[in-house]
Amino acid sequence: MTDRISLDYWFPKLVGSGVNLPITEIIKTDADFWPWLDGEESPSANEFLNLLKSKGDEWGYPLFLRTGHTAAKHSWKDSCFVESEEKLGPCMFGLVETSAMALPGMPTDIWVIREFLDLDIRFHAFWGNMPIAVEWRFFIEPRRVICHHPYWPAEAFELIQHKPDDWSELLEEMNNDITEKEFMLLEHFCDLVLVKGKFDGRWSVDFARGKNKTWYVTDMAPMEVSYHWPGCENG
């Protein structure tokens, strides 16, 4: 059965489509990570860690690490943000642990190394000190954009402790910092995703803006498993 949620399904469809993408390498493995969760050794997991270390030598640090299903980005410094080789093992463990704790559990047979993008960051939040940057989510289906929303709603921060005192003002400013020309560009990118990627059904497409004003497609998922802003008639 095709796993439409996994990055290794949707990302290859976008390559050559004309949208901006972070440089990405997809790695498949049959390593057994479960012993790590019990504090035990796993030869296959250790071997895969060494493989990623060799990849890190090729890529350089920092780099962005995720599985096919998750980046566990709220944990940031303990999951997807690999600042150095010394952090690679702990970040791998963080992703394995997050995947195992999810209900239902998420697979760990697909791993992804990505270019670390220099995004338009406005503040930091969550337990992993995650950078909160200018991002938008568009919902699409064949031949049209259904709707779009800022990626970060206020409710994502209301109940957490790790956030700046002026987070509400910073968030409002960030979510309104987009021009009509940029909206038109993102809608054009959505058209490219649909036409060149040949996606069927309804999807979410996440865009992030770099400090250099470049917009990147960073994530996709079937609409039925994607967060939708409360109150939207399309949710």
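This is a predicted model: local features need pLDDT of at least 70, side-chain atom pairs count only at pLDDT 80 or more; totals for chains, interfaces and linings use all residues.
**Domains.** I looked up the domain assignment first. It gives domain 1 as 23-115 and domain 2 as 121-225. I found their centres, taken over C-alpha atoms, 24 Å apart. Seven residues from domain 1 and 10 residues from domain 2 make up the contact.

**Area between them.** I read that domain 1 and domain 2 bury about 810 Å² between them, with 53% of it on carbon and sulfur atoms. On the side of domain 1, Lys73, His74 and Trp76 lose the most area to domain 2, together 65% of what that side buries.

**Polar links between the domains.** I noted five residue pairs in polar contact between domain 1 and domain 2. The touching side of domain 1 has four charged, two polar and one nonpolar residues. The salt bridge count between the two domains is one.

**Arg66 and Asp219.** I looked at this salt bridge, which has a distance of 3.7 Å, N to O. Arg66 is in strand S2 and Asp219 in strand S10, so the pair ties together parts 153 residues apart in sequence. Arg66 counts as buried because its relative accessibility is 5%, under the 20% cut-off. Asp219, at 24%, is partly exposed.

**Other salt bridges.** I found 14 salt bridges in the structure. One of them joins Asp200 to Arg4, with the closest N and O atoms 3.1 Å apart. Asp200 sits in the loop between helix H6 and strand S9, and Arg4 in the segment before helix H1, 196 residues apart. I also noted that Lys87 and Asp78 meet in a salt bridge at 3.6 Å, N to O. Last, I listed a network of salt bridges linking Asp120, Arg122, Asp177, Glu182 and Arg209.

Definitions and conventions
Residues are numbered from 1 along each chain as its sequence is written. Side-chain values use heavy atoms; hydrogens and water are left out. Domain bounds come from an automatic or database domain assignment. Contact means heavy atoms within 4.5 Å. Buried area is the accessible area (1.4 Å probe) that two parts lose on being put together, summed over both. A salt bridge is a side-chain nitrogen of Lys or Arg within 4 Å of a carboxyl oxygen of Asp or Glu. A polar contact is a pair of N or O atoms within 3.5 Å; within protein, one must be able to donate a hydrogen and the other to accept it, and residues adjacent in sequence count only if both atoms are side-chain atoms. Ala, Val, Leu, Ile, Met, Phe, Trp, Tyr, Cys and Pro count as nonpolar, Asp, Glu, Lys and Arg as charged, and the others, Gly among them, as polar. Helices (H or I, at least four residues) and strands (E, at least two) are DSSP runs, numbered from the N terminus. Buried means under 20% relative accessible area, exposed over 50%, partly exposed in between (1.4 Å probe, protein chains only).
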